[in-house]
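Have the structure open as you read.

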Amino acid sequence: MAPSVRLSPAARSLFDEPLAIAVQGLGPRQQVTLRASLRDESGDLFQACARYQAEDDGELDLGRCPALPGGSFSGLEPMGLLWALQPQKPFRRLVKRDVQSPFLLQLEVFEGHGDPPGRLLAQAQHERAFLRDGVRRVPVREGRIRAALFLPPGNGPFPGIIDLYGAGGGLPEYRACLLANHGFAVLALAFYRYEDLPKEMKEVHLEYFEEAINYMLQHTEVKGPGIGLLGISKGGELCVSMASFLKGITATALINCSVANMGAVLRYKDITIPPLGVDAKRIKVDKSGIADIVDALNNPLEGPDRQSFIPLEKATCRFLFIVGQDDRNWKRDGPFPGVIDMYGDEGGLTEFRSSLLATRGFAALSLPYFDFEDLPKVMKELKLEYFQDAARFLQRHPKVKGPGVGVIGTGKGAELALSMITFLPEVVAAVCISGCSSNTVADLHYGEMTLPGLRFDINKVSVSDTGVYDTFEALDDPTKPANSPCTIPIEKAEGHFLLVVGEDDRMWKSSLYAELAIGRLRQHGKENFELLSYPGAGHRIDPPSTPFCQVAMDRVLGVPVLGGGESKAHAHAQEHSWGKIQEFLHLHLG
């Protein structure tokens with residue numbers, strides 16, 4: 001039997017579908033070279049080759065047989081002949097311009113492992129298509145919108161997505177149509193260098209993208225009530241801005257993008273975000289003329305370039321961040337300022353503040369200390385060595401800047417932050433939100449030292465007619481001489497404090513505890529602190545846009561507990577304190 005190429009699917013497959021490649025009719029353990037070729041719409045040739053050895057029965061299945069060294073790749077790579085395609089002319093990239101026609105893939109089998117290859121043994125052609133049967137491409141020229149809408153077969157409605165590419169401009173459609181094959185209504189949206197849109201990206205108006213969102217939400221074949229966004233590079237950064245300022249977005253997927261505005265001034269109504277600065281002198285050019293731009297952008301965490309940060313904490317949607325760790329278009333390698341993040345006596349692992357800090361350029365460690373996996377189920381006693389291990393882990397991490405780390409905590413977590421900066425040399429900055437200046441509830445041990453826990457008196461808890469518990473008076477008075485052993489000796493700390501309190505905190509007396517802490521520092525000649533005190537704010541001051549919760553179920557007590565505060569004042573406190581917290585941490589962590 002003469003050798004032949006066997007493909008599955010046989011003649012045509014979608015571009016994002018696996019293609020099974022096999023050769024049959026070879027001799028036992030025969031050595032062959034396989035070559036894949038295709039031409040793009042400009043006629044440029046892309047090729048890949050790999051060396052193989054058939055099995056004892058003369059069968060060569062790329063799903064079972066590894067490629068041998070000497071070709072475009074080696075190892076078991078069933079799709080290697082496709083992902084390894086390289087241009088014959090340098091610096092060309094394979095991009096589909098007309099998604100309504102397929103790429104024609106040529107597969108050839110040559111005898112031996114020579115260079116050039118030996119006699120042609122077999123060949124086959126295969127179409128790699130972009131549109132599934134029944135998918136509709138609809139050009140969009142509505143108002144200012146310049147786009148192409150791809151709709152799956154059927155009547156819908158379908159989940160809606162806006163798809164954006166990067167600074168190359170134009171209207172790339174290949175990702176949008178592939179998503180439509182999978183049941184999404186996808187709008188491939190151009191924003192410059194296309195038809196009558198601007199030829200250059202000098203400034204970007206978010207109202208244009210708002211118009212596109214409204215177009216999708218009003219479309220009869222789009223499901224709603226919100227849509228998703230998908231963007232890469234500059235397109236991803238625009239998706240961050242859209243999610244931060246515009247309504248109607250429920251999910252955002254970002255590929256290798258910045259969270260600072262890049263390249264052009266961004267405007268929306270009366271808001272202007274300047275672009276991050278670029279220093280062309282930091283571009284490196286190698287001997288072959290290839291430019292490395294990874295160091296060209298300014299640091300968005302320093303100086304006036306902080307104004308370029310997009311306030312993504314305003315977004316109400318969910319984010320998916322996708323990054324290539326070897327991306328050389330811009331820097332994300334670190335090292336970054338390190339921060340340990342802890343919450344209160346509800347226990348468990350709370351991650352949302354850490355994730356937001358990471359988007360702002362921090363390496364953030366969400367640290368549970370009880371009621372998580374194999375940690376103690378209840379908070380009977382705490383050992384500071386556990387927190388020191390965490391600080392040292394973060395300090396030694398190659399992505400963490402050092403020499404010291406910061407800590408941010410709320411409630412019991414804030415109190416632990418005070419203890420950490422007091423006793424642990426690894427900690428140089430502490431943000432304490434609604435914390436106590438004494439150790440509370442559980443004894444705290446460090447070496448031979450013990451701080452007893454200030455006790456709660458359950459008899460001092462009041463209960464409203466609606467069954468809401470008010471614990472404001474329940475914690476024992478830390479100023480009583482008998483309670484002095486519970487006081488955290490914060491005057492020993494060499495680092496810096498930021499104390500954040502809500503003046504209407506009803507969980508406990510945060511304002512009083514902050515005053516006691518400041519008084520103790522000043523008594524010892526220390527001015528290493530800042531205080532943010534917010535009238536009308538309650539206990540749990542979280543990142544911006546976190547919904548106000550005046551009463552919440554307490555996991556320890558198992559009853560609804562009054563946190564205090566008024567919604568508008570509390571929202572203002574969250575908005576204002578979030579920026580100040582980041583400034584403080586950047587200032588003292590570098």
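## Buried or exposed

A residue counts as buried when its relative accessible area is under 20%, as exposed when it is over 50%, and as partly exposed in between. Please keep in mind that this is a predicted model.

Asp470 has a relative accessible area of 14%, so it is buried. Its salt-bridge partner is Arg506, with the closest N and O atoms 2.8 Å apart. Because Asp470 sits in strand β30 (residues 469-470) and Arg506 in the loop between β31 (496-502) and α8 (510-523), the pair ties together parts that are 36 residues apart in sequence. Arg506 itself is partly exposed, at 26%.

The model has 36 salt bridges in total. One of them joins Glu426 and Arg392, at 2.8 Å from N to O. This pair links distant parts of the chain, 34 residues apart: Glu426 is in the loop between α7 (412-423) and β26 (427-433), while Arg392 belongs to helix α6 (residues 384-396). Glu426 is buried at 6% relative accessibility, whereas Arg392 is partly exposed at 35%.

Lys480 and Asp476 also meet in a salt bridge, at 3.3 Å from N to O. Here Lys480 is partly exposed at 38%, and Asp476 is partly exposed at 21%.

Val285 lies in strand β19 (residues 284-285) and counts as exposed because its relative accessibility is 58%.

Note on methods: Residues are numbered from 1 along each chain as its sequence is written. This is a predicted model: local features need pLDDT of at least 70, side-chain atom pairs count only at pLDDT 80 or more; totals for chains, interfaces and linings use all residues. Side-chain values use heavy atoms; hydrogens and water are left out. Helices (H or I, at least four residues) and strands (E, at least two) are DSSP runs, numbered from the N terminus. Buried means under 20% relative accessible area, exposed over 50%, partly exposed in between (1.4 Å probe, protein chains only). A salt bridge is a side-chain nitrogen of Lys or Arg within 4 Å of a carboxyl oxygen of Asp or Glu.
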